[in-house]
Amino acid sequence: MIIHKIQWWQSKRNKQFYFHTVSRNGKTVQPSEGYLKKAVMMKTINRINSQLVAQVPVVEVPDPKAKVAARARSAAKAEFGIPPIGLK
């Protein structure tokens, strides 16, 4: 599978940095582990990118898991008028 881009973000939940590679069809190909320091994560991304035939863009994106939690809060609020317990 051909890598189209590398996306990275900082988790709102645990403040660690993550990245994943994305194929041309938009599917996540390779998720990463969590990194405590952004510099270490970027070094890993650069190492991966340097080994590809053609370098791909590295893009910062919002925390994907934060979107899921936000949608759950919105849905619960729309249905019940208040967010459920545990979803701040």
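Modeller: The sheet is open, has four strands in the order β3-β2-β1-β4, and its pairing is mixed. Strands here are DSSP runs of E with at least two residues, helices are runs of H or I with at least four, and both are numbered from the N terminus. Two strands pair if DSSP finds at least two bridges between them. On average, neighbouring strands are turned by 30° against each other, direction ignored. Axes are lines fitted to C-alpha atoms, for helices over the stretch in contact, with angles from 0 to 180 degrees between N-to-C directions.

The model is predicted: local features need pLDDT of at least 70, side-chain atom pairs count only at pLDDT 80 or more, and totals for chains, interfaces and linings use all residues. Residues are numbered from 1 along each chain as its sequence is written, and side-chain values use heavy atoms, leaving out hydrogens and water.

Strand β1 (residues 3–10) runs parallel to β4, and three bridges join them. Gln 7 has Val 59 in β4 as its bridge partner.

Next, the helix. α1 (residues 38–50) lies across β1, β2 (17–23) and β4. Its angle to β2 is about 20°. Contact means heavy atoms within 4.5 Å.

For the chain context, the elements run β-β-β-α-β-α from the N terminus. That comes to two helices and four strands.
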